[in-house]
Amino acid sequence: MAFEPPRRLVKALGETAPDGDDWLERLPEAAERAVALRELAVERVQVPGGRSSLVVLVRTADGTPAVLKLAPSRARPESERAALAHWAGTGAVQLLDEDATEGVLLLERLHPDVSVRSLPEAKALLEAAGTLRRLWVVPPVGHPFETVAERTGRQADAMRAGAVADPQVAPLVDAALAARGELLAAPPEQRLLHGTFRQSKVLAGDRMPWLAVGPDPVVGECAFDLARLVRDRVEDLIAQPSGASTTRRRVKRLAESLDVDQERLRGWTLFRAVESGVRARRVGREKDAELLLEFAGWL
């Protein structure tokens, strides 16, 4: 079959590599090779799919439903593989392929169209938080994962450049960078984190009711991971007259439910919202940028 990448993937990869690369051009051949090597039967490409990988619904030689995932190196698929192997199916989708092929993962099939985002908001946050708790484990000795300090250091550089280009965001960037500095001065526990956790990253499964997918793993404190969940459904929060107070209550509730320091969660939520807002503005997603920066202003 033709392994045509969904438009969502093409657009997202264009944002992360504006000068382009040849991964998309090589993708159909790579997918065919991965399918043949594993003797898979292809059902369909998942649409709209993800923003950093091609997701193909397949069946193994014995008829087991599975997912074949192909991602470019800048999406760090080998880091994802290492994290999934360490979690070994606890709280996260399970690896089915022991043999490492660069940029290719064979995964347990979940229900791709059913995420916790389909639940009422309060229930969705509860289920998502419960899933996240299971992922927070001690990283393996000599782990290959990036640290929170390293990742946010790169992001901080880009945020400073964004503030120079757009002085209107400079006060928020300054506040976010100050919060980062304070948080990194005395970090608490070091855990393996999902890295990009949100409601849409938790899918319904058969082995367990809910399992996380699509990590961009990082090692650091739990509040960093939880911070992205705080702003889930940000468009709904912004539309509410009580959005600011609802956000503050959400920070308090999530911090208490997962034994995370509330002020550290607020600080990382601020940093991650400003970073995402500045990045969205840089690539021309102005509506997303406005939502994120308004949200950040509440913190």
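Colleague: In what sense do S5 and strand S8 pair, and over how many bridges?

Modeller: Let's begin with the general idea: strands of a sheet pair through backbone hydrogen bonds, either parallel or antiparallel. In this predicted model, S5 and strand S8 (residues 202-204) are antiparallel, with two bridges between them. To find the spot by eye, look for Ser 115, which stands opposite Leu 203 in S8.

Colleague: Thanks! What is the order of the strands in that open sheet?

Modeller: Reading across, the order is S5-S8-S9, three strands with antiparallel pairing. The edges are strand S5 (111-115) and strand S9 (210-212), each pairing on one side only. Neighbouring strands here are turned by 55° against each other on average, with direction ignored.

Colleague: Which helix packs on the sheet?

Modeller: Helix H4 (residues 121-135) does, touching S8 and S9. The direction of H4 makes about 55° with that of S9.

Colleague: Now a single residue. Is Ala 176 buried or exposed?

Modeller: The idea is to compare relative accessibility with a cut-off, and buried means under 20%. Ala 176 has 0% relative accessibility, so it counts as buried. Ala 176 sits in helix H6 (residues 170-185).

Colleague: Which residues does Ala 176 touch, leaving out those up to four places away in sequence?

Modeller: With those left out, Ala 176 touches Met 159, Leu 270, Phe 271 and Val 274. For a sense of scale, pick Leu 13: Ala 176 is 163 residues from Leu 13 in sequence and 26 Å from it in space, C-alpha to C-alpha.

Colleague: Last topic, pockets. How much space lies in the second largest pocket?

Modeller: About 370 Å³. A volume is one way to describe a pocket, and the lining is another. Here 20 residues line the second largest pocket, and Trp 23, Arg 26, Ala 30, Arg 33 and Glu 102 lie nearest its centre.

Colleague: Which helix gives the largest share of that lining?

Modeller: That is helix H2 (residues 23-38), with nine residues.

Colleague: And what is the lining like by class?

Modeller: The lining of the second largest pocket has nine nonpolar, eight charged and three polar residues.

Technical notes: Residues numbered from 1 in each chain as written. Predicted model: local features only at pLDDT ≥ 70, side-chain atom pairs only at ≥ 80, totals over all residues. Heavy atoms only, no water. 1 Å grid on protein atoms, 1.4 Å probe; cavity = no way out; pocket = protein on both sides within 12 Å on 5 of 7 lines; lining within 4 Å. Points joined across faces, edges and corners; volume = space filled by probe spheres on them. Helix = DSSP H or I, 4+ residues; strand = E, 2+ residues; numbered from the N terminus. Nonpolar A, V, L, I, M, F, W, Y, C, P; charged D, E, K, R; others polar. Buried < 20%, exposed > 50% of the residue type's maximum accessible area, 1.4 Å probe, protein only. Contact = heavy atoms within 4.5 Å. Pairing = 2+ DSSP bridges. Axes fitted to C-alpha atoms, helices over the stretch in contact; angles between N-to-C directions.
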